[in-house]
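Subject: Structure handover

Hi there,

Here is the structure I promised to pass on to you. Have a look at it first, and then read on for my notes on what turned up.

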Protein chains: 2
Amino acid sequence: MKLSILGCYSATPRIIAHTTSQVLETRGHLFLIDCGEGTQVELRRHKIKFNQIKHVFISHLHGDHYFGLIGLISTFRLLTRETDLHIYGPKGLKEIITLQLKLSNSWTNFKLIFHELSSKESELIFEDDKVSVHTIPLDHRVYTNGFIFKEKPFERKLDIEKAKALNIDKAYFRKLKQGADVVNEDDEVIENSAVTLDGKQPKSYAFCSDTAYKEDIVPILKDVDVLYHESTFLEDHEHLCVKTKHSTAKQAATIALKANAKHLILGHYSTRYGGLEGFKSEAETVFSDVLLAEDGKTFTF
Amino acid sequence: MKLSILGCYSATPRIIAHTTSQVLETRGHLFLIDCGEGTQVELRRHKIKFNQIKHVFISHLHGDHYFGLIGLISTFRLLTRETDLHIYGPKGLKEIITLQLKLSNSWTNFKLIFHELSSKESELIFEDDKVSVHTIPLDHRVYTNGFIFKEKPFERKLDIEKAKALNIDKAYFRKLKQGADVVNEDDEVIENSAVTLDGKQPKSYAFCSDTAYKEDIVPILKDVDVLYHESTFLEDHEHLCVKTKHSTAKQAATIALKANAKHLILGHYSTRYGGLEGFKSEAETVFSDVLLAEDGKTFTF
């Protein structure tokens with residue numbers, strides 16, 4: 001999995017602080033997660049082949065998470081895109097986008113397929129043979145979901161020489177990679193484990209922004225490889241978290257700890273603090289593997 | 001008048017090519033004209049005190065002219081603005097903005113006053129004692145207006161020494177500046193011209209984008225000081241102008257010539273051409289005083 005942070009600041013876009021947007025590359029997919037104003041320019045800046053994005057996930061309808069979506073759709077149209085675009089986001093998003101397309105008399109040549117979310121329970125919203133995506137219901141001032149992306153098991157690694165030595169017909173190799181036992185040319189059952197090894201370890205990534213501290217999400221996040229959890233404030237401003245339904249760095253780390261995440265990425269920083277080191281050190285008092293999102297930064301895991 | 005070009009390219013925002021937005025500073029007003037995606041960041045970049053903007057003029061509902069408006073309004077809200085904001089633009093704009101505010105549960109603390117336009121005739125849409133603004137009905141794929149900003153006459157320059165010598169009471173000085181004749185202490189009528197000179201010359205600025213070549217607008221533009229007229233294409237691509245309802249540089253110059261404008265500023269360039277010089281040289285075959293808009297450029301007149 002490769003995660004590109006296009007923007008990781010809260011509230012309002014500034015010259016050097018972009019609002020939330022990320023691209024997750026996994027198993028041939030380019031998933032766009034949130035789309036603050038100016039995201040299309042950041043996609044260009046970071047040389048992401050954004051016409052390959054087929055699925056956009058919008059956490060909630062605060063502007064710093066979606067105001068760039070209509071512009072991206074318009075640009076896809078101008079680039080004569082024909083591929084379907086799936087958009088997953090809160091109920092209402094379809095109305096916003098289609099109203100603007102209607103009033104500009106600019107219907108797209110590609111299908112815009114809206115998957116409007118309204119459930120308060122975690123649900124499966126995307127699945128193919130390689131990846132699944134579930135929602136993570138969050139606690140914010142408006143209806144909000146995080147998203148957890150899970151790779152499905154990779155194929156097993158086949159020891160071809162061993163398979164040949166055991167007189168297995170080539171026609172069975174695919175079955176072996178998929179984990180099945182097979183029968184060889186001598187009519188003997190060959191157990192899968194005799195000729196294969198575990199494949200690459202599938203990874204998982206969870207995006208949780210924006211949200212107040214919400215322990216209910218821990219079971220959904222259980223053992224996630226990488227958790228991005230918002231940390232708008234530091235502990236000194238915990239009172240603001242209550243009012244605005246955001247989290248502190250420490251709260252983000254507590255969720256990571258309880259969920260047994262391998263790595264925690266912090267983001268959605270308020271720009272009130274001079275730098276980002278305070279977020280890291282605060283989170284590290286609770287959880288050891290803390291990374292800082294920064295605009296333009298890429299994480300590979 | 002001081003005109004700041006925030007963006008002057010057509011279609012879609014890129015790293016170094018912003019879509020349409022300008023700020024006109026005149027007689028204490030800061031008028032925002034169009035507001036493509038990312039305009040709020042450009043306002044910051046060019047250090048424009050954008051909280052002083054009270055009037056926003058939107059030409060039409062193509063995204064490259066207004067997708068930045070909802071973000072600007074949201075930022076005004078986060079900056080705890082309390083001053084009314086007047087928005088002049090096509091019917092439908094109010095629905096787009098209020099739908100987004102409603103769905104984000106983010107009503108503003110300041111009044112948003114929409115002046116929705118639907119007339120096909122030029123109309124007066126703003127007036128105070130210093131400036132008037134009229135629409136310029138344009139010819140584009142959707143309902144579009146340009147805007148002409150006219151300064152009202154400045155006060156006359158009073159020769160105070162002469163006025164004292166003619167025994168005029170100080171109480172009449174304001175009347176004299178406003179152009180009236182007065183009676184002095186000796187009961188003699190003093191003609192205004194005896195003690196005043198013409199004040200500063202009032203200026204006018206017209207913004208025309210987007211539009212096909214439309215000669216009907218010439219009378220509205222008559223003798224304008226500065227005309228900004230779109231020139232999306234060069235003459236080689238005149239066939240595209242017909243299809244997309246845009247203008248060539250030559251057509252823009254022809255309008256400037258017929259309207260007896262003092263200066264022409266070209267803009268709304270397609271990014272298909274290597275540079276901008278071709279636009280200038282083409283326009284100069286018809287009209288002599290041609291200026292090129294560029295992102296971040298300021299014109300004072």
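A word on terms first: helices (H or I, at least four residues) and strands (E, at least two) are DSSP runs, numbered from the N terminus. The model is a predicted one, in which local features need pLDDT of at least 70 and side-chain atom pairs count only at pLDDT 80 or more, while totals for chains, interfaces and linings use all residues. Residues are numbered from 1 along each chain as its sequence is written, and chains are lettered from A and ligands numbered from 1 in the order in which they are written.

**Chain A as a whole**

Chain A has nine helices and 18 strands. Its C-alpha atoms fill a box of roughly 70 × 55 × 35 Å along the principal axes. Of its 301 residues, 43% count as buried (20 or more other C-beta atoms within 10 Å of the residue's own; exposed means 12 or fewer, partly exposed is in between, and C-beta atoms are placed from the backbone). Among contacts in chain A with a separation of 6 or more, 62% come from residues 24 or more positions apart; a contact here means C-beta atoms, placed from the backbone, within 7 Å.

**Where the chains meet**

The contact takes 31 residues from chain B and 31 residues from chain A. On the chain B side, helix 1 (39–45), helix 2 (69–78) and helix 3 each supply at least two residues. By class, that side of chain B has twelve nonpolar, 13 polar and six charged residues. For these classes, Ala, Val, Leu, Ile, Met, Phe, Trp, Tyr, Cys and Pro count as nonpolar, Asp, Glu, Lys and Arg as charged, and the others, Gly among them, as polar.

**The open sheet of chain B**

Chain B has an open sheet of seven strands in the order 6-5-4-3-2-1-18, with mixed pairing (two strands pair if DSSP finds at least two bridges between them). Its edge strands are strand 6 (112–117) and strand 18 (298–300) of chain B, each pairing on one side only. Neighbouring strands of this sheet are turned by 20 degrees against each other on average, direction ignored. Strand 4 (residues 55–57) and strand 5 (residues 85–90) of chain B pair in the parallel sense over three bridges, and Phe57(B) has Tyr88(B) in strand 5 as its bridge partner. Helix 3 (residues 93–103) of chain B packs on the sheet, touching strand 5 and strand 6, and its direction makes about 150 degrees with that of strand 6 of chain B. Axes are lines fitted to C-alpha atoms, for helices over the stretch in contact, and angles run from 0 to 180 degrees between N-to-C directions.

**Strand 14 of chain B**

Why is strand 14 (residues 204–208) of chain B largely enclosed by the rest of the structure? Five of its five residues are buried, so the rest of the structure largely encloses strand 14 of chain B. Ser204(B), Ala206(B) and Cys208(B) sit on one side, Tyr205(B) and Phe207(B) on the other, and all are buried. Strand 14 of chain B runs antiparallel to strand 9 (residues 145–151), with four bridges, and Phe147(B) stands opposite Phe207(B). Four bridges also join strand 14 to strand 15 (residues 226–230) of chain B, here in parallel, with Ala206(B) opposite Leu227(B).

**Backbone points to check**

- The peptide bond joining Ser209(A) and Asp210(A) is cis, with omega about -5 degrees; Asp210(A) is in the loop between strand 14 (204–208) and helix 6 (218–221) of chain A.
- The bond from Ser209(B) to Asp210(B) is cis as well, with omega near -5 degrees.
- Lys47(A), a residue other than glycine, has a positive phi near 55 degrees. Lys47(A) is in the loop between helix 1 (39–45) and strand 4 (55–57) of chain A, and counts as exposed because it has 8 C-beta neighbours inside 10 Å.
- Lys245(B) is not a glycine either, yet its phi is positive at about 60 degrees. Lys245(B) is partly exposed, with 19 other C-beta atoms within 10 Å.

Best wishes

Terms used
Two residues are in contact if their C-beta atoms, placed from the backbone, lie within 7 Å.
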